[in-house]
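Reader: I have a structure open and want to learn how to read it. Where do we start?

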Amino acid sequence: MAFQSSDQANAYWRENLSLMLKLLAIWFAVSFGAGILFVDVLNQIHLFGFKLGFFFAQQGSIYAFVLLIFVYVYKMNQLDQKYNVHEE
Amino acid sequence: MDLKMMTYLMVGLTFVLYTAIAIWARAGSTKEFYVAGGGVSPMANGMATAADWMSAASFISMAGLISFMGYDGSVYLMGWTGGYVLLALCLAPYLRKFGKFTVPDFIGDRYYSQTARTVAVVCAILISFTYVAGQMRGVGVVFSRFLEVPIDIGVIIGMAVVFFYAVLGGMKGITYTQVAQYVVLIFAYLVPAIFISLMITGNPIPQLGFGSTIEGTDTYLLDKLDGLSQELGFALYTDGTKSMADVFCITAALMVGTAGLPHVIVRFFTVPRVRDARTSAGWALIFIMILYTTAPSIGAFARYNMINTINGPDQQGTLVSETPQWISNWQKTGLIKHEDKNGDGKMFYSGDARNEMTIDRDIMVLANPEIAKLPNWVIALVAAGAIAAALSTAAGLLLVISTAISHDLLKRNLMPNISDKSELRWARGAAAGAIMVAGYLGINPPGFVAEVVAFAFGLAAASFFPAIVMGIFNKKMNKEGAIAGMLAGVIFTVGYILYFKGIFITPLAPNKPENWLFGISPEGIGTVGAVINVLVALTVSKFTKEVPQEVQDLVEQIRFPKGAGEATHH
């Protein structure tokens, strides 16, 4: 067991899950939310030559996905250090 | 130099490059046959993953589909990128910690069952076959245009090339070859996009040109396209025709399917450390993003150029005697047809009864530089890029099919005493057989390239993704639940697709929105399949035997990075 105690293991896993769920909520919001479910509402707003909903569906969501993964990598590396379960 | 010569030269040069790299890289790495990532940085691994991932469908077909579908094409853009978020957050680090080589390995060990392994093998083979069929069609389109042969001959030439490349040569999926293929394909994709963006909008960055005004006017490109669509009887470019439920489900099926594709998952088994598995997914998505944010720009530019060259700037039609060169080129392949319905001697393209043109969507990316009258070397470059995209993916897929048969099915299941040598023979034979079947499907395609590929995602979404995620996040999921879930998901999804598309049989009902379940098309049904998988699995696991303690301990172990050894072979 790499953790000090099973409490530690549970705490690590809970923090991991909470980070994951937060990021997945953003993932859902930028793609399914802005690009699909609320596309018609957002299309009322214009951003240069784009309707905003259309922009999220064809450009914006993809940029957001990349950011999400790198935020996850950064936060998880911190979490691994905190609980001392990082790799050598 | 004429286009044909230029194409031979460009494709030939890139082949020399790949072969040289394959030979150079293999010399030093025979020891690392399986752990391709041993000395490879996450960035290079990400680039290779991107090349492996971006297929003929991404390169050739996607921008063309978007061009015809407008907003509806967003399903491919979001679907094929959003899956990487799921992969990075829910699968890659844990599968790396688990430390085996194939998806059936994980399923078999986590669910302590040969039956589960066999179900996984069958799913892996089914998925990879559907996927590779789309690749063969794509290769066929490229060869038929540039060698000026009918599409069927193009597919057969493609089969021969893939056979030599993947079965005899670079079967080992050498990472550096795929890095080179990424560079070739992204360069080939961006060059014409930049040229065309400059010509239409005056902005050299296609992503920005997409939202700019048309050069010399105050009209935004997208507004102009909406106007033209309306005038010609198409749905608005920024609006589309699919129902919201269908768009939602197709996007979800593609995302979940991406994260469940065996040939993508496999790449994260072989990076050196768990943290590299997370980073690799990020790098892969950056490299994929470059192409995926350019594609919708190309789609819009191509749409604008195509309508203007066929209908003329005044939208009155073009005289047949003045047919633009690109149209007569593609007419030879049979992928563009013109029928002068009103007998006025003119071509006209529209979305209503006035239409006289039949245009295959798969040709748009290849025709795009011709439509914009770019120099021959650019057109030849695009051909080389398309072939790079198709080859790198086909090689990765054939590897999955042949390891699924030789390693997972024969060695781990039916014939445990098989020697390494005959395992390799079986692997080659399986790959050769796979190419024949894929070629048949390429000649008799059940849909456009991107659509055929979309089915593979539906199957992956309905089978692997739920089984793997539950395996990691739900310690109580047992073998009975997982097996029942995968079977229910796949049988439902395959059944639904066959019912409407009838790949080897006659469809049982016309493929129309009125007939669909909840208005969800066969492309999006994988989402429902995935939900069914989860529901069946949870229900069955409630009423069957509990998971053995050692398996629960295994799940505890894969949940944190420390102690991840090198990936091990059995």
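Author: With a definition. A polar contact is a pair of N or O atoms within 3.5 Å; within protein, one must be able to donate a hydrogen and the other to accept it. Keep in mind that this is a predicted model.

Reader: Which backbone oxygen does the side chain of A:Ser31 reach?

Author: The backbone oxygen of A:Trp27, at 2.7 Å. A:Ser31 itself sits in helix H1 of chain A, which covers residues 6–37.

Reader: Is A:Ser31 buried or exposed?

Author: Buried means under 20% relative accessible area. A:Ser31 has 0%, so it counts as buried.

Reader: What is A:Ser31 in contact with, leaving aside its neighbours within four places in sequence?

Author: In chain A, the partners are A:Ile36, A:Ser61 and A:Phe65. From chain B come B:Met78 and B:Met255.

Reader: Let's step back to chain A. How many helices and strands are there?

Author: Three helices and two strands. Their order from the N terminus is α-α-β-β-α.

Reader: What radius of gyration does chain A have?

Author: Chain A has 18 Å, whereas a compact globule of 88 residues would be near 12 Å. The C-alpha trace spans about 55 × 25 × 15 Å along its principal axes. Of the 88 residues, 53% are buried.

Reader: Now the two chains together. How do I describe the size of an interface?

Author: It is often given as the accessible area lost when the parts come together. Here chain B and chain A bury about 4500 Å² between them. Carbon and sulfur atoms hold 71% of that area. Three residues, B:Leu89, B:Arg278 and B:Lys562, supply 15% of what chain B buries against chain A, more than any other three.

Reader: How many residues does each chain bring to the contact?

Author: Chain B brings 54 residues and chain A brings 44.

Reader: How many salt bridges are there between chain B and chain A?

Author: Two. B:Arg278 forms a salt bridge with A:Asp80, and their closest N and O atoms are 3.1 Å apart.

Reader: Which helices of chain B each supply at least two residues of the side that touches chain A?

Author: Helices H4, H10, H11, H13 and H18 of chain B. The largest share, 14 residues, comes from H13(B).

Reader: How do the residues on that side of chain B divide?

Author: The side of chain B that touches chain A has 34 nonpolar residues, 14 polar and six charged.

Definitions and conventions: Residues are numbered from 1 along each chain as its sequence is written. Chains are lettered from A and ligands numbered from 1 in the order in which they are written. This is a predicted model: local features need pLDDT of at least 70, side-chain atom pairs count only at pLDDT 80 or more; totals for chains, interfaces and linings use all residues. Side-chain values use heavy atoms; hydrogens and water are left out. Helices (H or I, at least four residues) and strands (E, at least two) are DSSP runs, numbered from the N terminus. Buried means under 20% relative accessible area, exposed over 50%, partly exposed in between (1.4 Å probe, protein chains only). Contact means heavy atoms within 4.5 Å. Buried area is the accessible area (1.4 Å probe) that two parts lose on being put together, summed over both. A salt bridge is a side-chain nitrogen of Lys or Arg within 4 Å of a carboxyl oxygen of Asp or Glu. Ala, Val, Leu, Ile, Met, Phe, Trp, Tyr, Cys and Pro count as nonpolar, Asp, Glu, Lys and Arg as charged, and the others, Gly among them, as polar. The radius of gyration is taken over C-alpha atoms; the globule rule is 2.2 Å times the number of residues to the power 0.38.
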